[in-house]
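Dear colleague,

Please read the notes with the coordinates open beside them.

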Amino acid sequence: MALSNRERVGKAIDLLKQGLGPFVEREFKNVYNDQVHAQVVRLMGQDRLLADRPISQWDAAALLRILWEAWNDVFRQTLGPAERTLVRELQDVRNKWAHQQPFSSDDAYRALDSTGRLLAAVSAPEAQEAERFKMELLRIRFDEQMRNERRRMAGTPIEGQVPNNLKPWREVVTPHEDVASGRYQQAEFAADLWQVHVGEGTDEYKNPVEFFRRTYLTESLKRLLVGAVQRLSGQGGDPVVQLQTNFGGGKTHSMLALYHLVSGTAPGELVGIDGVLAEAGVSRLPTARRVVLVGNKISPGNPVRKSDGTVVRTLWGELAWQLGGKKAFERVRADDERATSPGDALRELFNEYGPCLVLIDEWVAYARQLHDQSDLPAGSFETQFTFAQALTESAKLAKNCLLVVSLPASDTAGLPYMQAEDVEVGGQRGREALDRLRNVIGRVESSWRPASAEEGFEIVRRRLFKPLTDNSQFVARDIAARAFYDFYRTQPQEFPPECRDAEYEKRLRAAYPIHPEVFDRLYTDWSTLVKFQRTRGVLRLMAAVIHSFWEQGDRNPLILPCNIPIDDSRVQFELTRYLSDNWVPIIERDVDGPSSLPLRLDSEVTNLGKFAACRRVARALYLGSAPTSTAANRGLEDRRIRLGCVIPGEAPAVFGDALRRLAAAATYLYQDGPRYWYSTQPTVTKLAEDRAELLKRDPEKVVQELEKRLRADLRKAGDFARVHPLPRSGQDVPDDLDARLVVLGIDHPYSREPNNLAETEAKAILASRGSAPRIYANTLVFLAADKTRLQDLDEAIRRYLAWESIIAEQTILDLSPHQVKQAEMQQRAVDSVVNARLPETYQWLLVPTQQNPQAAVEWQAIRLTGQDTLAGRSSKRLKNDELLVMSFAASRLRMELDRVPLWRGDHVAIKQLIDDFARYLYLPRLKEPSVLLQAIRNGLGLLTWEQDSFAFADEYDELSGRYRGLQFGRQVNGIETNAKALLVKPEAARRQLELSVWLHR
């Protein structure tokens, strides 16, 4: 039964417990000696059960915690910043697992990968088990992706019958099993020297014949192999080679080549090795004993018991045992047990068991775990470099021994601030180990350079385009060719006429996996350029293209013109080296790149973006028009552009829409009827952009256009009594009793910064009206523009004004009818953009609030959304948040009267109450005084007036101490016209009522 992701994470946590326990205990004893228990109590004292148990028996949570808590005192010398990050990450993983939270496949893979990396850093053997779990999950993920892809392709609605098993080209033409099954990314993790040494991994790496079949021998690798053959044959060659490359720089692949070279396989079975033998001047390939020492696979603190019972503790013990088993190990047994360098015994071993090849990888990862004192089975930190000195000297003195050591290429000289960032080196001890090993081993220069264009194509051909041999590969190729041919044949109006001929299906099969249109454009159009060589030019370009696809994991059924990755610098170089220099900025602007027009259009239009339609059209159009931009019959027909873009299952109309949008907006894209082409000369679009740029010098025109649009929008006031657009000061905002919206100008934008311009201006308007203080502060809210969005709005308005001026001057500019039509269409499009960006820019409501009469005034910033007018959106949001009250309950009015309180003794004047609600920010903000008057009417009509509302009086007689016209529990008319009207506390009204009853007895 398959494991769940949570179960996989649980197994990873178990591996952490098993692998970290011995390492943590060892490092604590190294630092604290007999004080380990006291330090553990100090760090973990609140957990007495842990404090009294050996560290090796702790669970993963406790081990990770003590790694984190004791990092500076204990583990910093051994591990680096990268490992500390892993510790914190795995703590979070363990907590998530313990709290029964779910894990996605990505989360589980990350947890397994981080577990393996941390265990490998401490050389725990459990790292291999974590790697196995990770690879199993990876296979499951890729299988699921393949099933989803097949389901998607089977259900694509198209005209005609498209085969259900139409496969991506990389699954058909690649010789690797991982690629053929859709798990090609697994190959990125399979190149492991230790795995191959122990007989694991895939055939592409562990089988010498398959390895060399897929490996192209570059000049630098060939020189390395020639030197190895000469050295191991006793014909010269360097005895010690240091491969120093950047992280992921190919050193493991080079070591694997050496490993397989001397495996005893007949040279005739290894592709390219005959040339190596000829250059080395030898007639046969030497067979050597091979020693592989990988530092993160061998633990310095855990002796290993071999199959013959031999217990190995040190690197030199491992080296001797791999050379000659138990017999050879006896030569260094004493030094292995005492952890002392074996000295000249190494030379004797090399001579006795030669020829021999010694490959050492990840030595820094091993050495950095050693301590200054000899308390580990592997010896001390210093002893390791004594061994390194003895090893290199012995290799030089031996007859036919080759020592190859790989070290990280981190620059530890002159750039000390970069040292902590080196993921291969680790902590301070790792950097010291790197320096010491480099000094001991010495540098043997080895030239490493990128492959030439021809080498690059050969690499790709061998790795990707192995000749089709299996019947299923031919079937998949033929199915793809038939699917495209049927697609073209059933929609003849969308594609060129030759696509309907039966011959075109043959061309599709012959050119597979590259679409014939790519070759047509290269051999027909690009070959007309003087500097473009028909064979070498195509090879250079396609080598770059296929290499880019291999890195990106391209999943297309064929390589079409629209797939050519022009945004890749290597591909772009091959497409511009034959053209004038001014094509590079044109590509970046109108064809492809991080800030290009097609990418922007795809991001703005969802229907285009899900197909990347604009980018695909621009790529196909560039490939077919750039080399012929100055020819008489230049450009491509729209049908041929669609041929270079559309695959079965997609609608050609989508790409037609993308082409129209590009033609309307691109600066260097021309159109003449159905033909389109890129040129180095700008179109009328360029004129509009130049005019828009000039408007930056005349901002007043932009402001006038913006104010005109704002005032037009604000004619609809929403639920506000009035709107005050763009006041120049507080003098322009009256001091009235009704709620109003104040829209600030663009010179007062809002940002998240304290005391921003919008908030400062709003405070000033709220505080005063001209020279007089503002009384009714609880009637104003403010709408401000977003500071970051203002730039987009300004740009859109400038573009609109630019197109407007071009249309107005069409006669002076001598525009063609096509250009006039283009300008009018662009003006309408930009007008829509301005209308859309106006509410996106004016999106901040600034609302002054106050919790109680003693609290300070606070400003609440509310982001607006929606498609309504500016005032409509604002009032709707304020109503939803109860910051603008449209109707007021009598019971709530009674609550406010008692809470603040608003009573003046036993009563309060209604006029005073209206004034209070308009004045004080701690009261609800009412739309207008009529809202309060209606609440009073409703409250007077309540039968429960004593509990929920109040009484009413026409006035209060100070002499008699009585309320005149006292009423309650019924409707009262004429409240708004009675200037002396009062609201009376229910208890005061009740007292007067009872007194009247008593007097009438």
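Three strands form an open sheet in the order β17-β21-β18, with antiparallel pairing, where strands (E, at least two residues) and helices (H or I, at least four) are DSSP runs numbered from the N terminus, and where two strands count as paired if DSSP finds at least two bridges between them. Its edge strands, each pairing on one side only, are β17 (907–909) and β18 (951–953), and the twist from one strand to the next averages 30 degrees; axes here are lines fitted to C-alpha atoms, for helices over the stretch in contact, and angles between N-to-C directions run from 0 to 180 degrees. Strand β21 (residues 982–984) runs antiparallel to β18 and is joined to β18 by three bridges, with Leu 983 of β21 as the bridge partner of Phe 952.

The model is a predicted one, in which local features need pLDDT of at least 70 and side-chain atom pairs count only at pLDDT 80 or more, while totals for chains, interfaces and linings use all residues. Residues are numbered from 1 along each chain as its sequence is written, and side-chain values use heavy atoms, with hydrogens and water left out.

A further open sheet has five strands in the order β10-β11-β14-β15-β16, and its pairing is mixed. The edges are β10 (722–725) and β16 (858–863), each of which pairs on one side only, and neighbouring strands are turned against each other by 25 degrees on average, direction ignored. Between β15 (residues 844–849) and β16 the pairing is antiparallel and extends over six bridges, in which Val 847 has Gln 860 of β16 as its bridge partner. Helix α38 (residues 757–767) lies across β11 (740–743), β14 (780–784), β15 and β16, and runs at about 155 degrees to β14; contact means heavy atoms within 4.5 Å.

The largest cavity holds about 70 Å³, the volume being the space filled by probe spheres set on points that are joined across faces, edges and corners. Its lining includes Leu 737, Asn 778, Phe 917 and Glu 928, and α44 (910–919) gives the largest share, three residues.

With best regards

Definitions and conventions: 1 Å grid on protein atoms, 1.4 Å probe; cavity = no way out; pocket = protein on both sides within 12 Å on 5 of 7 lines; lining within 4 Å.
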